[in-house]
Amino acid sequence: MKINPFYFVVQRSFDVISSFIIFFLLSSVSPSYGYDPLDPHGNITIKWDLLQSNPGSNDVKVSILNFQLYRHIEQPGWKMGWDWTGDEVIWAMQGAEATEQGNCSRFKGGQLPHCCEKSPFIVDLLPGAPYNMQTTNCCKGGILSSMIQDPSKFGAVFQMSTSAATNESGFHMPENFTIGVPGYTCAKPVQVAPSKYSSDGGRRWTQALGTWNVTCMYSQFLASTSPKCCVSLSAFYNSTIVPCPKCSCSCQGLPGAKCVKFGEKPSLLRQIKDSNRESPSFVRCSQHMCPIRVHWHVKQSYTHYWRVKITVNNLNILKNYSQWNLVALHPNLKSLIQVFSFNYEPLNQYGQINDTGMFWGIKYYNDMLLQEGESGNVQTEMLLLKDPDVFTFREGWGFPRRILFNGDECVMPPPDQYPRLPNTAQLGAQLSFSTILFFLWLLILCAE
(Lines give C-alpha, C1' and ligand atoms only; values in the text may rest on other atoms or scores of the structure.)
Protein backbone atom coordinates (compact mmCIF):
# COMPACT_ATOMS: atom_id res chain seq x y z
CA MET A 1 0.00 0.00 0.00
CA LYS A 2 1.48 3.34 -1.07
CA ILE A 3 0.88 6.28 1.27
CA ASN A 4 0.55 9.77 -0.19
CA PRO A 5 3.39 12.02 1.09
CA PHE A 6 0.82 14.79 1.48
CA TYR A 7 -0.57 12.80 4.42
CA PHE A 8 2.61 13.35 6.43
CA VAL A 9 2.56 17.09 5.64
CA VAL A 10 -1.05 17.40 6.87
CA GLN A 11 -0.32 15.29 9.95
CA ARG A 12 2.77 17.36 10.79
CA SER A 13 0.82 20.61 10.33
CA PHE A 14 -1.91 19.30 12.63
CA ASP A 15 0.68 18.47 15.31
CA VAL A 16 2.21 21.94 15.08
CA ILE A 17 -1.18 23.66 15.30
CA SER A 18 -2.21 21.47 18.26
CA SER A 19 1.01 22.29 20.08
CA PHE A 20 0.47 26.00 19.43
CA ILE A 21 -3.10 25.86 20.78
CA ILE A 22 -1.98 24.02 23.93
CA PHE A 23 0.85 26.51 24.46
CA PHE A 24 -1.54 29.44 23.99
CA LEU A 25 -4.06 28.04 26.47
CA LEU A 26 -1.41 27.33 29.08
CA SER A 27 0.28 30.68 28.64
CA SER A 28 -3.04 32.53 28.87
CA VAL A 29 -3.64 31.15 32.37
CA SER A 30 -1.79 33.30 34.88
CA PRO A 31 0.29 31.30 37.37
CA SER A 32 -0.86 33.75 40.04
CA TYR A 33 -4.48 32.58 39.72
CA GLY A 34 -3.94 30.23 42.66
CA TYR A 35 -6.73 27.69 42.11
CA ASP A 36 -6.08 24.46 44.04
CA PRO A 37 -8.17 21.42 42.95
CA LEU A 38 -7.45 19.70 46.28
CA ASP A 39 -8.89 22.71 48.15
CA PRO A 40 -11.13 24.46 45.60
CA HIS A 41 -12.70 26.85 48.12
CA GLY A 42 -9.55 27.62 50.11
CA ASN A 43 -8.61 31.25 50.71
CA ILE A 44 -7.70 33.77 53.40
CA THR A 45 -10.45 36.33 53.94
CA ILE A 46 -9.93 39.75 55.51
CA LYS A 47 -13.25 40.98 56.96
CA TRP A 48 -13.45 44.72 57.62
CA ASP A 49 -16.36 45.73 59.88
CA LEU A 50 -17.21 49.39 60.40
CA LEU A 51 -18.70 49.39 63.90
CA GLN A 52 -19.17 53.12 64.47
CA SER A 53 -18.76 56.19 62.29
CA ASN A 54 -18.78 59.58 63.95
CA PRO A 55 -17.84 62.97 62.43
CA GLY A 56 -14.44 62.77 64.12
CA SER A 57 -13.62 59.05 64.24
CA ASN A 58 -14.39 55.55 62.99
CA ASP A 59 -14.25 52.33 64.97
CA VAL A 60 -13.23 49.31 62.89
CA LYS A 61 -12.96 45.59 63.63
CA VAL A 62 -10.71 43.56 61.32
CA SER A 63 -10.78 39.74 61.15
CA ILE A 64 -8.30 37.51 59.30
CA LEU A 65 -9.83 34.09 58.59
CA ASN A 66 -7.87 31.19 57.10
CA PHE A 67 -10.43 29.15 55.16
CA GLN A 68 -7.81 26.75 53.75
CA LEU A 69 -8.01 23.06 54.56
CA TYR A 70 -4.29 22.38 54.90
CA ARG A 71 -2.29 25.57 54.31
CA HIS A 72 -1.41 27.50 57.43
CA ILE A 73 0.53 30.66 58.27
CA GLU A 74 3.66 29.89 60.28
CA GLN A 75 6.31 32.11 61.83
CA PRO A 76 7.01 34.98 61.44
CA GLY A 77 3.26 35.22 60.82
CA TRP A 78 0.98 37.51 58.85
CA LYS A 79 1.79 41.18 58.30
CA MET A 80 -1.22 42.99 56.93
CA GLY A 81 -0.84 46.12 54.85
CA TRP A 82 -3.10 48.53 52.98
CA ASP A 83 -3.17 52.02 51.47
CA TRP A 84 -5.43 54.70 52.89
CA THR A 85 -7.43 56.44 50.15
CA GLY A 86 -7.74 59.61 52.25
CA ASP A 87 -5.71 61.28 54.96
CA GLU A 88 -6.51 58.79 57.73
CA VAL A 89 -4.45 57.98 60.80
CA ILE A 90 -4.81 55.24 63.41
CA TRP A 91 -5.34 56.66 66.89
CA ALA A 92 -5.51 53.44 68.90
CA MET A 93 -5.33 49.66 68.36
CA GLN A 94 -6.17 46.55 70.34
CA GLY A 95 -5.11 43.02 69.44
CA ALA A 96 -2.40 44.15 67.01
CA GLU A 97 0.06 46.98 66.42
CA ALA A 98 1.54 48.96 63.55
CA THR A 99 5.20 48.28 62.84
CA GLU A 100 5.93 52.00 62.30
CA GLN A 101 4.38 55.07 63.91
CA GLY A 102 5.45 57.28 61.04
CA ASN A 103 5.64 61.07 60.92
CA CYS A 104 3.04 62.50 63.31
CA SER A 105 4.66 65.95 63.64
CA ARG A 106 1.56 67.74 62.34
CA PHE A 107 -0.22 66.82 65.58
CA LYS A 108 0.76 69.37 68.22
CA GLY A 109 0.31 68.67 71.91
CA GLY A 110 -1.60 65.88 73.57
CA GLN A 111 -1.34 62.20 72.71
CA LEU A 112 0.05 61.29 69.31
CA PRO A 113 -1.72 58.79 67.01
CA HIS A 114 -0.67 55.16 67.04
CA CYS A 115 0.25 55.30 63.34
CA CYS A 116 0.39 58.11 60.79
CA GLU A 117 1.67 56.05 57.85
CA LYS A 118 -0.11 56.36 54.51
CA SER A 119 0.56 52.63 53.96
CA PRO A 120 0.67 51.03 57.42
CA PHE A 121 1.77 47.46 58.20
CA ILE A 122 -0.01 45.69 61.04
CA VAL A 123 1.29 42.65 62.96
CA ASP A 124 -0.32 40.43 65.56
CA LEU A 125 0.60 40.76 69.22
CA LEU A 126 2.68 38.06 70.84
CA PRO A 127 1.19 35.58 73.32
CA GLY A 128 1.19 37.06 76.82
CA ALA A 129 0.51 40.62 75.69
CA PRO A 130 -0.90 42.98 78.38
CA TYR A 131 -4.57 42.31 78.99
CA ASN A 132 -5.65 45.87 78.18
CA MET A 133 -4.10 45.51 74.70
CA GLN A 134 -5.85 42.24 73.85
CA THR A 135 -9.05 41.46 71.97
CA THR A 136 -10.90 38.19 71.59
CA ASN A 137 -9.01 35.74 69.38
CA CYS A 138 -5.80 37.75 69.16
CA CYS A 139 -2.19 37.48 70.20
CA LYS A 140 -0.89 34.38 68.42
CA GLY A 141 2.22 36.01 66.97
CA GLY A 142 0.64 36.02 63.51
CA ILE A 143 0.28 32.23 63.30
CA LEU A 144 -2.93 30.91 61.74
CA SER A 145 -3.80 27.22 61.77
CA SER A 146 -5.49 25.48 58.87
CA MET A 147 -9.17 24.57 59.09
CA ILE A 148 -8.47 20.87 59.62
CA GLN A 149 -5.51 20.98 61.99
CA ASP A 150 -6.99 23.33 64.61
CA PRO A 151 -10.33 25.00 63.78
CA SER A 152 -10.12 27.08 66.99
CA LYS A 153 -6.99 28.93 65.82
CA PHE A 154 -7.66 29.65 62.17
CA GLY A 155 -8.57 33.31 62.75
CA ALA A 156 -7.22 36.53 64.26
CA VAL A 157 -9.00 39.75 65.23
CA PHE A 158 -7.95 43.31 66.04
CA GLN A 159 -9.78 46.60 66.54
CA MET A 160 -8.73 50.18 65.85
CA SER A 161 -9.97 53.73 66.00
CA THR A 162 -9.25 55.86 62.94
CA SER A 163 -9.96 59.38 61.74
CA ALA A 164 -8.89 61.77 59.02
CA ALA A 165 -5.99 64.05 59.87
CA THR A 166 -7.74 66.93 58.08
CA ASN A 167 -11.35 68.07 58.19
CA GLU A 168 -12.55 65.24 55.97
CA SER A 169 -15.66 63.46 57.20
CA GLY A 170 -17.11 60.06 56.57
CA PHE A 171 -15.48 56.67 56.04
CA HIS A 172 -13.27 55.66 53.14
CA MET A 173 -12.43 51.99 52.60
CA PRO A 174 -8.67 51.43 52.11
CA GLU A 175 -7.27 49.58 49.11
CA ASN A 176 -4.28 47.49 47.94
CA PHE A 177 -4.42 44.93 50.76
CA THR A 178 -1.57 42.50 51.44
CA ILE A 179 -0.97 39.95 54.20
CA GLY A 180 2.83 39.90 54.04
CA VAL A 181 3.17 36.16 53.37
CA PRO A 182 4.95 35.04 50.15
CA GLY A 183 2.62 33.59 47.53
CA TYR A 184 -0.58 35.40 48.52
CA THR A 185 -2.32 37.97 46.33
CA CYS A 186 -5.34 39.90 47.60
CA ALA A 187 -8.28 41.11 45.54
CA LYS A 188 -10.11 44.42 45.84
CA PRO A 189 -12.49 44.96 48.79
CA VAL A 190 -16.07 43.86 48.12
CA GLN A 191 -18.96 45.12 50.22
CA VAL A 192 -21.11 42.31 51.60
CA ALA A 193 -24.00 41.97 54.03
CA PRO A 194 -23.17 43.58 57.40
CA SER A 195 -21.82 41.28 60.11
CA LYS A 196 -24.10 40.62 63.08
CA TYR A 197 -23.05 40.28 66.73
CA SER A 198 -25.00 38.71 69.57
CA SER A 199 -25.30 40.07 73.09
CA ASP A 200 -27.27 39.34 76.24
CA GLY A 201 -26.98 35.60 75.78
CA GLY A 202 -28.17 35.73 72.17
CA ARG A 203 -31.39 37.64 72.91
CA ARG A 204 -30.19 40.81 71.17
CA TRP A 205 -28.35 41.20 67.87
CA THR A 206 -26.46 44.22 66.66
CA GLN A 207 -24.81 44.68 63.29
CA ALA A 208 -21.95 46.58 61.72
CA LEU A 209 -22.63 49.76 59.75
CA GLY A 210 -20.82 48.18 56.82
CA THR A 211 -18.78 45.07 56.04
CA TRP A 212 -16.18 44.52 53.31
CA ASN A 213 -14.42 41.26 52.40
CA VAL A 214 -10.97 41.00 50.86
CA THR A 215 -10.10 37.56 49.45
CA CYS A 216 -6.46 36.47 49.29
CA MET A 217 -5.37 33.44 47.23
CA TYR A 218 -2.15 31.42 47.34
CA SER A 219 0.03 30.52 44.37
CA GLN A 220 3.12 28.32 44.72
CA PHE A 221 4.55 29.95 41.59
CA LEU A 222 4.53 33.34 43.33
CA ALA A 223 5.71 31.96 46.69
CA SER A 224 8.98 30.55 45.39
CA THR A 225 10.85 30.28 42.13
CA SER A 226 11.78 26.67 42.94
CA PRO A 227 10.12 23.71 44.72
CA LYS A 228 10.59 23.21 48.45
CA CYS A 229 10.38 19.42 48.77
CA CYS A 230 10.93 16.19 46.89
CA VAL A 231 9.92 12.52 47.13
CA SER A 232 12.00 9.35 47.17
CA LEU A 233 10.59 5.81 46.81
CA SER A 234 11.38 2.23 47.78
CA ALA A 235 9.62 -1.11 48.17
CA PHE A 236 10.19 -4.45 49.89
CA TYR A 237 10.08 -6.31 46.55
CA ASN A 238 12.94 -4.33 44.98
CA SER A 239 16.36 -3.52 46.38
CA THR A 240 16.52 -0.27 44.43
CA ILE A 241 15.91 2.98 46.31
CA VAL A 242 14.73 5.68 43.91
CA PRO A 243 16.17 8.99 45.17
CA CYS A 244 14.77 12.46 44.69
CA PRO A 245 15.39 13.69 41.14
CA LYS A 246 18.67 15.51 40.74
CA CYS A 247 18.42 19.29 41.20
CA SER A 248 14.78 19.00 42.29
CA CYS A 249 14.93 22.27 44.24
CA SER A 250 18.29 23.68 43.18
CA CYS A 251 21.77 22.67 42.10
CA GLN A 252 25.00 23.04 44.00
CA GLY A 253 27.04 25.89 42.60
CA LEU A 254 24.13 27.88 41.24
CA PRO A 255 23.70 31.50 42.42
CA GLY A 256 21.63 31.61 45.60
CA ALA A 257 22.07 27.91 46.35
CA LYS A 258 23.31 27.75 49.94
CA CYS A 259 24.17 24.37 51.41
CA VAL A 260 26.29 23.04 54.24
CA LYS A 261 28.44 19.96 53.73
CA PHE A 262 28.29 17.06 56.16
CA GLY A 263 30.40 17.72 59.24
CA GLU A 264 30.18 21.48 58.85
CA LYS A 265 27.93 24.07 60.50
CA PRO A 266 26.89 27.50 59.21
CA SER A 267 28.60 30.56 60.62
CA LEU A 268 26.98 32.10 63.69
CA LEU A 269 26.85 35.39 61.82
CA ARG A 270 24.43 33.85 59.34
CA GLN A 271 22.10 32.34 61.96
CA ILE A 272 19.38 34.96 62.30
CA LYS A 273 17.42 34.48 65.52
CA ASP A 274 14.96 37.36 64.99
CA SER A 275 11.45 35.95 65.45
CA ASN A 276 10.07 38.65 63.14
CA ARG A 277 12.11 37.38 60.20
CA GLU A 278 12.08 34.01 58.50
CA SER A 279 15.17 31.91 59.10
CA PRO A 280 17.59 31.88 56.15
CA SER A 281 17.55 28.76 54.01
CA PHE A 282 20.68 26.70 54.60
CA VAL A 283 20.16 23.07 53.61
CA ARG A 284 22.39 20.04 53.85
CA CYS A 285 24.24 19.55 50.57
CA SER A 286 22.60 16.85 48.45
CA GLN A 287 21.94 16.04 44.83
CA HIS A 288 18.40 17.41 45.10
CA MET A 289 19.08 20.42 47.40
CA CYS A 290 15.59 20.36 48.92
CA PRO A 291 14.92 21.41 52.52
CA ILE A 292 12.28 18.66 52.88
CA ARG A 293 12.48 15.07 51.64
CA VAL A 294 9.49 12.73 51.87
CA HIS A 295 10.22 9.01 51.58
CA TRP A 296 7.41 6.58 50.67
CA HIS A 297 8.27 2.93 51.38
CA VAL A 298 5.98 0.04 50.48
CA LYS A 299 6.91 -2.01 53.53
CA GLN A 300 4.94 -5.24 53.55
CA SER A 301 2.18 -7.21 51.89
CA TYR A 302 -0.32 -9.40 53.72
CA THR A 303 -3.17 -11.54 52.46
CA HIS A 304 -5.80 -8.81 52.66
CA TYR A 305 -3.75 -5.76 53.66
CA TRP A 306 -0.58 -3.89 52.77
CA ARG A 307 1.59 -1.52 54.80
CA VAL A 308 3.31 1.76 53.89
CA LYS A 309 5.91 3.72 55.85
CA ILE A 310 6.20 7.49 55.36
CA THR A 311 9.25 9.42 56.59
CA VAL A 312 9.63 13.19 56.41
CA ASN A 313 13.22 14.45 56.73
CA ASN A 314 14.07 18.07 57.47
CA LEU A 315 17.35 18.94 55.74
CA ASN A 316 17.18 22.61 56.71
CA ILE A 317 20.05 23.43 59.06
CA LEU A 318 18.37 26.37 60.84
CA LYS A 319 14.62 26.02 60.50
CA ASN A 320 12.05 24.01 62.44
CA TYR A 321 8.57 23.37 61.04
CA SER A 322 5.77 23.82 63.55
CA GLN A 323 2.27 22.55 62.72
CA TRP A 324 3.61 20.86 59.59
CA ASN A 325 1.29 18.80 57.42
CA LEU A 326 1.49 16.40 54.52
CA VAL A 327 -1.07 15.78 51.78
CA ALA A 328 -0.94 12.58 49.74
CA LEU A 329 -2.98 11.43 46.75
CA HIS A 330 -3.35 7.67 46.24
CA PRO A 331 -6.41 5.68 45.05
CA ASN A 332 -6.16 3.19 47.94
CA LEU A 333 -6.55 5.87 50.64
CA LYS A 334 -10.29 5.24 50.44
CA SER A 335 -9.57 1.86 52.08
CA LEU A 336 -7.23 3.17 54.79
CA ILE A 337 -7.58 1.09 57.96
CA GLN A 338 -5.20 2.72 60.43
CA VAL A 339 -2.51 5.40 60.67
CA PHE A 340 0.15 5.10 63.35
CA SER A 341 1.90 8.15 64.92
CA PHE A 342 0.15 10.79 62.75
CA ASN A 343 -3.27 12.39 62.68
CA TYR A 344 -5.21 11.81 59.48
CA GLU A 345 -8.21 13.38 57.76
CA PRO A 346 -9.52 12.56 54.26
CA LEU A 347 -9.90 15.44 51.80
CA ASN A 348 -12.89 14.21 49.85
CA GLN A 349 -13.97 17.47 48.19
CA TYR A 350 -15.68 15.76 45.25
CA GLY A 351 -18.39 13.56 46.70
CA GLN A 352 -17.58 9.88 46.38
CA ILE A 353 -13.97 10.42 45.27
CA ASN A 354 -11.84 9.68 48.34
CA ASP A 355 -8.26 9.37 47.15
CA THR A 356 -6.63 12.30 49.01
CA GLY A 357 -5.74 12.63 52.67
CA MET A 358 -3.95 14.98 55.04
CA PHE A 359 -1.42 13.87 57.67
CA TRP A 360 -0.12 16.00 60.53
CA GLY A 361 1.70 15.51 63.82
CA ILE A 362 0.23 14.64 67.20
CA LYS A 363 0.34 17.58 69.61
CA TYR A 364 3.31 17.54 72.02
CA TYR A 365 4.62 14.37 70.34
CA ASN A 366 5.68 15.05 66.75
CA ASP A 367 3.86 18.22 65.68
CA MET A 368 7.25 19.99 65.51
CA LEU A 369 9.62 18.87 62.74
CA LEU A 370 13.03 19.77 64.11
CA GLN A 371 15.97 21.06 62.11
CA GLU A 372 18.37 18.71 60.34
CA GLY A 373 20.02 16.09 62.52
CA GLU A 374 19.22 12.86 64.33
CA SER A 375 15.86 14.23 65.49
CA GLY A 376 15.08 16.05 62.26
CA ASN A 377 12.49 13.61 61.01
CA VAL A 378 8.97 12.33 61.67
CA GLN A 379 7.60 9.02 60.47
CA THR A 380 4.52 6.88 60.50
CA GLU A 381 3.12 3.68 59.07
CA MET A 382 -0.33 3.08 57.67
CA LEU A 383 -2.32 -0.07 57.01
CA LEU A 384 -4.50 -0.25 53.93
CA LEU A 385 -7.04 -2.81 52.75
CA LYS A 386 -6.38 -4.43 49.40
CA ASP A 387 -9.22 -3.61 47.03
CA PRO A 388 -9.40 -6.68 44.76
CA ASP A 389 -10.81 -4.61 41.90
CA VAL A 390 -7.87 -2.22 41.61
CA PHE A 391 -5.01 -3.34 43.88
CA THR A 392 -1.70 -4.29 42.31
CA PHE A 393 2.01 -3.74 42.87
CA ARG A 394 2.65 -3.55 39.14
CA GLU A 395 3.65 -0.43 37.23
CA GLY A 396 4.29 1.57 40.41
CA TRP A 397 0.63 1.51 41.49
CA GLY A 398 1.64 1.35 45.17
CA PHE A 399 3.26 4.80 45.08
CA PRO A 400 1.54 8.17 45.51
CA ARG A 401 0.34 10.29 42.63
CA ARG A 402 1.08 13.59 44.39
CA ILE A 403 2.70 14.70 47.66
CA LEU A 404 2.41 18.17 49.19
CA PHE A 405 4.26 19.45 52.24
CA ASN A 406 2.81 22.50 53.99
CA GLY A 407 0.70 23.13 50.92
CA ASP A 408 3.55 23.09 48.38
CA GLU A 409 3.83 20.42 45.70
CA CYS A 410 6.82 18.10 45.99
CA VAL A 411 8.90 16.91 43.05
CA MET A 412 8.20 13.25 42.24
CA PRO A 413 10.61 10.86 40.49
CA PRO A 414 9.70 10.04 36.87
CA PRO A 415 7.35 7.02 36.65
CA ASP A 416 9.78 4.97 34.58
CA GLN A 417 12.18 4.93 37.56
CA TYR A 418 9.68 3.60 40.13
CA PRO A 419 10.70 0.35 41.86
CA ARG A 420 9.17 -2.49 39.87
CA LEU A 421 8.23 -6.04 40.62
CA PRO A 422 10.79 -8.69 39.63
CA ASN A 423 10.34 -9.99 36.10
CA THR A 424 8.52 -13.27 36.81
CA ALA A 425 8.66 -14.34 33.17
CA GLN A 426 12.43 -14.12 33.21
CA LEU A 427 12.59 -16.01 36.50
CA GLY A 428 10.30 -18.69 35.05
CA ALA A 429 12.49 -19.03 31.96
CA GLN A 430 15.60 -19.39 34.11
CA LEU A 431 13.84 -21.99 36.25
CA SER A 432 12.67 -23.97 33.21
CA PHE A 433 16.16 -23.99 31.68
CA SER A 434 17.67 -25.18 34.98
CA THR A 435 15.07 -27.94 35.19
CA ILE A 436 15.87 -29.13 31.65
CA LEU A 437 19.60 -29.25 32.44
CA PHE A 438 18.88 -31.24 35.59
CA PHE A 439 16.86 -33.89 33.72
CA LEU A 440 19.49 -34.10 30.96
CA TRP A 441 22.11 -34.74 33.62
CA LEU A 442 19.93 -37.51 35.11
CA LEU A 443 19.50 -39.11 31.68
CA ILE A 444 23.27 -39.12 31.12
CA LEU A 445 23.84 -40.80 34.49
CA CYS A 446 21.20 -43.45 33.74
CA ALA A 447 22.73 -44.16 30.31
CA GLU A 448 26.12 -44.82 31.88
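In β15, the bridge partner of Leu233 is Val242. First, the ground rules. This is a predicted model, where local features need pLDDT of at least 70, side-chain atom pairs count only at pLDDT 80 or more, and totals for chains, interfaces and linings use all residues. Residues are numbered from 1 along each chain as its sequence is written, and side-chain values use heavy atoms, with hydrogens and water left out.

Back to the strands. Strands here are DSSP runs of E, at least two residues, and helices are runs of H or I, at least four, numbered from the N terminus. Two strands pair if DSSP finds at least two bridges between them. β14 and β15 (residues 238-242) pair in the antiparallel sense over two bridges. A hairpin through two residues joins them. With β18 (residues 292-301), β14 pairs in the parallel sense over seven bridges. There, Leu233 stands opposite Trp296.

How many residues of strand β14 are buried? Seven of seven. Buried means under 20% relative accessible area, exposed over 50%, partly exposed in between, with a 1.4 Å probe and protein chains only. Cys229, Val231, Leu233 and Ala235 point one way, and Cys230, Ser232 and Ser234 the other.

Take Ser234. Its relative accessibility is 6%, so Ser234 counts as buried. Its side chain makes a polar contact with the side chain of His297, at 2.7 Å. Such a contact is a pair of N or O atoms within 3.5 Å; within protein, one must be able to donate a hydrogen and the other to accept it, and residues adjacent in sequence count only if both atoms are side-chain atoms.

Now the core. A nonpolar core is a set of buried Ala, Val, Leu, Ile, Met, Phe, Trp, Tyr and Cys residues joined through side-chain atoms within 4.5 Å. The largest has 37 residues, and Trp296 is among those that touch the most other members. β14 and β18 are among the strands that each supply at least two residues of this core.

Last, charges. A salt bridge is a side-chain nitrogen of Lys or Arg within 4 Å of a carboxyl oxygen of Asp or Glu. The count comes to 11. Lys228 and Asp408 form one, 3.5 Å from N to O. Lys228 sits in the loop between α2 (220-223) and β14, and Asp408 in β28 (residues 408-409), so the pair ties together parts 180 residues apart in sequence. Lys228 is partly exposed at 34%, whereas Asp408 is buried at 5%.
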